[in-house]
Amino acid sequence: MPIPVFVNAYRRAYELRERALRAADAGLYDAAAFYMRKIIEVIADSFVERYREIGRGAEFEIFCRRNGRSTYSLNEKVDFLCSQENIPAASRDAYDAVRTYGNAAVHKTDFREDPRQHAELMRRLDAELTSFYRMAMGD
């Protein structure tokens, strides 16, 4: 059975994927990396929201406090998502790699426009989106 919060997140993530592809096609790899980073944020947000829906919303706040974090930024959300036992290691690695790439572009630190690196990260992100879609649809 489809899970609405995940279905809506997938829809937003797919729109961001299309923007990332258009930006990369135009040679704007920093903009594409930003959109890729937003995709990861949309997915992480949907997990936090789903936890709230099923009565486990406090887990995210507890995670943040336990780790000495007072903000609910992308990094905290992704760290929380990656800490969940039901997230496969390959997914954790992909989320972390895309987050690092996107953060470098957004914060203008250590960002290199490398079409091969970008293509590889986009391939990994596409695989994650496919898995996320299956989960959203209850497969």
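Modeller: Let us begin with burial: a residue is called buried when its relative accessible area is under 20%, exposed when it is over 50%, and partly exposed in between, with a 1.4 Å probe and protein chains only. Please keep in mind that this is a predicted model, in which local features need pLDDT of at least 70 and side-chain atom pairs count only at pLDDT 80 or more, while totals for chains, interfaces and linings use all residues. Residues are numbered from 1 along each chain as its sequence is written, and side-chain values use heavy atoms, with hydrogens and water left out.

Biologist: Does R99 count as buried or exposed?

Modeller: R99 counts as buried, because its relative accessibility is 8%. The residue sits in helix α5, where helices (H or I, at least four residues) and strands (E, at least two) are DSSP runs numbered from the N terminus. To see what surrounds it, one looks at contacts, meaning heavy atoms within 4.5 Å; when residues up to four places away in sequence are not counted, R99 touches L74, N75, V78 and D79.

Biologist: How many helices and strands does the protein chain have?

Modeller: The protein chain has six helices and zero strands, so defined by the DSSP runs. Read from the N terminus on, the order of elements is α-α-α-α-α-α.

Biologist: How does the radius of gyration of the protein chain agree with that of a compact globule?

Modeller: The radius of gyration is taken over C-alpha atoms, and the globule rule is 2.2 Å times the number of residues to the power 0.38. For 139 residues a compact globule would come near 14 Å, and the 15 Å of the protein chain agrees with this. Along the principal axes, the C-alpha atoms fill a box of roughly 45 × 35 × 20 Å, and 42% of the 139 residues count as buried. Among the contacts of the protein chain with a separation of 6 or more, 68% are between residues 24 or more positions apart.

Biologist: Which residues touch the most other members of the largest nonpolar core?

Modeller: In soluble globular proteins, nonpolar side chains tend to be buried together. A nonpolar core is here a set of buried Ala, Val, Leu, Ile, Met, Phe, Trp, Tyr and Cys residues joined through side-chain atoms within 4.5 Å. The largest one has 36 residues, of which M36, I43 and Y95 touch the most other members. At least two residues of this core come from each of α1 (4–25), α2 (29–53), α4 (74–83), α5 (89–107) and α6 (115–136). Apart from this core lies another, of six residues, including V48, Y51, F63 and F80. As for I43, its contacts are L81, Y95, L129 and F132, not counting residues up to four places away in sequence.

Biologist: Why is α4 largely enclosed by the rest of the structure?

Modeller: Helix α4 is largely enclosed because seven of its ten residues are buried. These buried residues are L74, E76, K77, V78, F80, L81 and C82, and they pack against α2, α3 (58–66) and α5. V78, which lies in α4, is buried at 0% relative accessibility. Leaving aside neighbours within four places in sequence, V78 is in contact with I40, A44, Y95 and R99; the C-alpha atoms of V78 and I40 are separated by 7.5 Å, although the two residues are 38 apart along the chain.

Biologist: Where is C64 found, and what does C64 touch?

Modeller: C64 is found in helix α3 and is buried, with a relative accessible area of 1%. Not counting residues up to four places away in sequence, C64 touches R69, T71, Y72 and E76. D79 is 15 residues from C64 in sequence and 9.3 Å from it in space, C-alpha to C-alpha.

Biologist: Does P2 count as buried, partly exposed or exposed?

Modeller: P2 counts as partly exposed, at 42% relative accessibility, and its place is in the segment before α1. Its contacts, not counting residues up to four places away in sequence, are V7, A136, M137 and G138. P2 and A32, which are 30 residues apart in sequence, lie 29 Å apart in space, C-alpha to C-alpha.
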